[in-house]
Amino acid sequence: MSIKQLTTLIIGAAISALLSSPLFAAASPTAHQYKAPLNSYGQPDLEGTWTNATLTVLERPKEYGARLIMTPEEVKKVEGDDAKMYAADAAPRDPKFKTTDLPHECGKGFSGAGCGYNFAWIDPGNNIMRVNGEPRSSFITDPADGRLPPAKPGVVVENPYLHYGENPENQTLAERCLSSFGYSAGPVMLPLLYNNNYEIAQSKDTVAIVIEMVHDVRIIRIGGKHRTDGARPWMGDSIGWYEGPTLVVETTNFPQATALQGAWKQLKVTERFTRVAPHRILYKFKVEDPTVWDRPWSGEYEFSPSKGRIFEYACHEGNYALSGILAGMRADESAAEKAKAAGSGKAEAPAAQSVGKK
């Protein structure tokens with residue numbers, strides 16, 4: 001054997017060993033296809049307690065343009081700024097500090113008195129969402145700009161605070177402890193300020209997803225058909241089926257009270273849950289409503305394991321907010337009536353007309 005042939009053989013063997021090594025398989029997603037374990041029913045096992053807490057948001061901030069993947073420098077800045085904010089909040093504070101002394105903006109979308117939510121009480125996530133190891137600038141992947149498509153002309157999203165404080169039934173579902181804040185329960189399932197934890201349980205013909213925020217439970221009927229009795233349950237009517245390693249869930253029959261960005265009557269959300277690693281579930285979603293948007297929109301993120309189990313979220317335990325809101329509005333109305341009766345000419349409509357439009 002010549003020196004040239006021997007050298008070629010050695011190099012070829014080295015490359016072969018490298019390609020088959022665990023190190024290379026971890027670095028190259030295509031080098032090793034993860035095979036999810038099956039449960040006792042032969043279904044891909046998705047059970048466990050998971051979280052979607054993250055700094056990444058549904059719609060892409062405009063400064064990223066059409067870039068779905070963030071640069072290392074951008075990730076470092078966003079995660080670094082978040083760490084600084086937590087550190088500043090943890091610093092010693094004068095016990096006489098009042099809500100009126102709070103900064104106008106304190107991050108996480110809060111300002112003024114809303115900054116009274118000390119960071120010890122929240123858990124929105126401290127890291128940018130990674131999908132297949134890539135740091136993402138948004139959940140939405142289509143349209144390419146990572147933004148919701150424009151609504152059709154004439155589509156109006158009702159202000160949930162239009163009749164705020166008039167009576168308990170006019171308050172939001174979350175304030176009445178009937179359903180989750182925002183879209184935590186979904187679909188689409190989106191993270192919030194805290195309690196971004198979900199427990200998935202599977203049986204032969206049902207999948208249940210327990211949402212920590214406001215004790216919601218989504219029931220998905222495997223192999224079922226959408227109901228035709230006109231009923232529109234909270235979180236819609238979900239049916240599902242398995243496509244290889246993926247659980248596919250289709251939800252329709254949404255009630256108006258849980259409308260998604262103004263869509264509900266003809267809204268259809270299709271979700272796909274795929275276990276792509278021992279500790280990762282890829283969650284993909286597609287949203288359609290031809291009466292609201294001219295085109296569908298879709299996105300994805302990954303669930304990671306949650307620390308510990310889910311405990312009951314006792315929404316009304318020791319919570320005086322609702323009675324306080326109503327009492328405050330009655331006081332405003334009384335003051336307005338007294339001013340009107342006194343002929344001051346300065347009477348204004350009760351604050352109910354402006355609350356929630358911050």
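**Ground rules.** I number residues from 1 along each chain as its sequence is written, and side-chain values use heavy atoms, with hydrogens and water left out. As the model is predicted, I take local features only at pLDDT of at least 70 and side-chain atom pairs only at pLDDT 80 or more, while totals for chains, interfaces and linings use all residues.

**Confidence.** I began with pLDDT, the predictor's confidence in each residue, from 0 to 100. The protein averages 84, and 82% of the residues score at least 70. Over residues 1-31 the pLDDT is below 50, and I found eight contacts for this stretch beyond near neighbours in sequence; a contact means heavy atoms within 4.5 Å. Residues 352-358 also stay under 50, with 11 contacts beyond four places in sequence.

**Overview.** I counted four helices and 14 strands. These are DSSP runs numbered from the N terminus, helices being H or I of at least four residues and strands E of at least two. Of the 358 residues, 37% count as buried; buried is under 20% relative accessible area, exposed is over 50%, and partly exposed is in between, with a 1.4 Å probe and protein chains only. Among contacts between residues at least 6 apart in sequence, 58% join residues at least 24 apart.

**Strand S1.** I looked up the partners of S1 (residues 48-51), where pairing needs at least two DSSP bridges between two strands. S1 runs antiparallel to S7 (residues 197-202), with four bridges joining them. S1 is also paired in the antiparallel sense with S14 (residues 297-305), over two bridges.

**Gln43.** I found this residue in the loop between helix H2 (22-27) and S1. Gln43 is buried, at 7% relative accessible area. Its side chain reaches the backbone oxygen of Lys204 at 3.0 Å. Beyond four places in sequence, Gln43 touches residues including Pro37, Gln202 and Tyr242.

**Cores.** A nonpolar core here is a set of buried Ala, Val, Leu, Ile, Met, Phe, Trp, Tyr and Cys residues joined through side-chain atoms within 4.5 Å. The largest has 50 residues, and Ile209, Phe273, Val287, Trp297 and Phe303 have the most contacts inside it. S13 (280-288) is among the strands that each supply at least two residues, and S13 gives the most, with five. I also noted a second, separate core of five residues, including Leu55, Tyr64, Met70 and Val75. Back at Trp297, I listed contacts beyond four places in sequence, among them Leu58, Asp142, Pro143 and Phe285.

Most residues other than glycine have a negative phi, and most peptide bonds are trans. I therefore went looking for departures from this.

- The bond from Asp142 to Pro143 is cis, with omega near 10°; Pro143 sits in the loop between S6 (140-142) and S7.
- Gly186 and Pro187 are also joined by a cis peptide bond, with omega about -15°, and Pro187 lies in the loop between S6 and S7.
- Val214 has a positive phi of about 65°; I found Val214 in the loop between S8 and S9, buried at 0% relative accessible area.
- Gln261 has a positive phi too, near 55°; this residue is in the loop between S11 and S12 and counts as partly exposed at 32%.

Conventions
Polar contact = N/O pair within 3.5 Å; in protein donor to acceptor, adjacent residues only side chain to side chain.
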